[in-house]
Amino acid sequence: MEPVNLAEYEVAARACLDPMVFDYYQGGAEDEVTLHANRLAWSRWRLVQRVLVDVSKVALDTRLLGQAVASPLVVAPMAFQCLACAEGELATARAAGRMQTIMTVSSLSTHTLEDIADAASAPLWFQLYVYRERAVSEDLVRRAEAAGYQALVVTVDAPVPGGRERDRRNRFSLPSGMRMANFSQALLADMPGLKDESGLNHYINTLFDPSLDWTAIDWLRSITRLPIVLKGIMCGEDARRAREAGAAALVVSNHGGRQLDQGQATADVLQEVVAAAGPTEVYVDGGLRRGTDLLKALSLGARAVLIGRPVLWGLGVDGEAGVVRVLDLLQQELLRAMQLCGCPSVSAPGPACVRQGNLLSGQEW
């Protein structure tokens, strides 16, 4: 039987993916408190239902960084998608195109950024880390520009790797023949080949820059005219600094609970970041699993939501068709929630559409 919601896709993905792969995708850092907090925090908010509003026509389309998209759903950057499906990122790109929405391509993709661009029929953003060797990052920027990517999504919350104990326990590794396709063999030659979890950590510790600070954003702006989106903003002060640094947009994100454990949930800081960001567009990810969650995020000020793990569940269950189905389920749930709440367009929700309620416990959820 075909899954009818994202939770059922997760169950189906667990059944068909290698346990090591499922844990790599699903896992968070250390005790995974932040991972679970992301999901539960959306249940703290309740939607306000308005009646006698004409919702015979509801508009989901919007504009992100000036680009028209069919809905405020964006595919989040996710590494190593060929672990879920042989076509990996190519299938995801085609699915995003069918849904007329943006895919954010991970630097750690298992197909090259150029091949993914060739498969795409909708706008692409490129996720970037600023590496110790700035030449590595600059080369990726130049390639993304040449391939037609329309924005750089710079991950700023990973100066060091999070403590992902599932990967340590499973001795996470890439299968033979699978690699980080955007990097040359010469660059990776002195690494353990990602043949175990220590290899992944060695890659991060070798290339990632723990001294990264705000001057890196100035440097990026000096080498590209692409809009720069900062992903990993979790407080108002950083939102203000990002705006002053010239960021075109911000993503409220805690890396899906994969970096800092015991941190705040994205739903809990979204309003603070939106207030500090001013006119800068704000997006959010982390634990959104229903159309009602999406409507809450829009009501709290997000311009769009990034969807991560559920895309991987769809990809693992049924490739491109599974990703389309996951995105369509969310889109249809959002449409229905908007109709039932009396919101005729995605620009209509605001703070009056949500109220704070009691946080559901894990047992109740």
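**Exercise 1.** In this predicted model, determine which elements make a β-α-β unit with strand β10 and strand β11, and which handedness that unit has.

*Solution.* Begin with the path of the chain: β10, helix α13 (residues 291–299) and β11 together make a β-α-β unit, and this unit is right-handed. Next, look at how the two strands are joined, and you will find that 2 bridges connect β10 to β11 (residues 304–307), the two strands running parallel.

**Exercise 2.** Describe how strand β9 is joined to β10, and state through which helix the chain crosses between them.

*Solution.* Strand β9 (residues 249–252) and β10 run parallel and are joined by 4 bridges. Within this pairing, Ala249 stands opposite Glu281 in β10. The chain passes from β9 to β10 through helix α12 (residues 266–277), and this β-α-β crossover is right-handed.

**Exercise 3.** Work out whether the side chains on the two faces of β10 are buried or exposed.

*Solution.* In a regular strand, side chains alternate between the two faces of the sheet. For β10 (residues 281–284), this places Glu281 and Tyr283 on one side, with Val282 and Val284 on the other. Since buried means under 20% relative accessible area, the step that remains is to note that these residues are all buried, and that both faces of the strand are therefore covered.

**Exercise 4.** Find the aromatic partners of Tyr129, and explain why Tyr129 and Phe208 count as buried.

*Solution.* The model holds 11 aromatic pairs. In one of them, Tyr129 and Tyr131 are tilted, with 6.2 Å from centre to centre and 55° between the planes, and both of these residues are buried. Tyr129 also forms a tilted pair with Phe208, at 4.4 Å centre to centre and with 35° between the planes. This second pair links distant parts of the chain, 79 residues apart, because Tyr129 lies in the loop between β6 (124–128) and α6 (134–147), whereas Phe208 lies in the loop between α9 (197–207) and α10 (215–223). As for burial, Tyr129 counts as buried because its relative accessibility is 10%, and Phe208 counts as buried because its value is 5%.

Terms used:
Residues are numbered from 1 along each chain as its sequence is written. This is a predicted model: local features need pLDDT of at least 70, side-chain atom pairs count only at pLDDT 80 or more; totals for chains, interfaces and linings use all residues. Side-chain values use heavy atoms; hydrogens and water are left out. Buried means under 20% relative accessible area, exposed over 50%, partly exposed in between (1.4 Å probe, protein chains only). Two strands pair if DSSP finds at least two bridges between them. A crossover is right-handed if, with the strands pointing away from the viewer, the path from the first strand over the helix to the second runs clockwise. Rings of Phe, Tyr and Trp (its six-membered ring) pair if their centres lie within 6.5 Å; planes under 30 degrees apart count as stacked, over 60 as edge-to-face and the rest as tilted.
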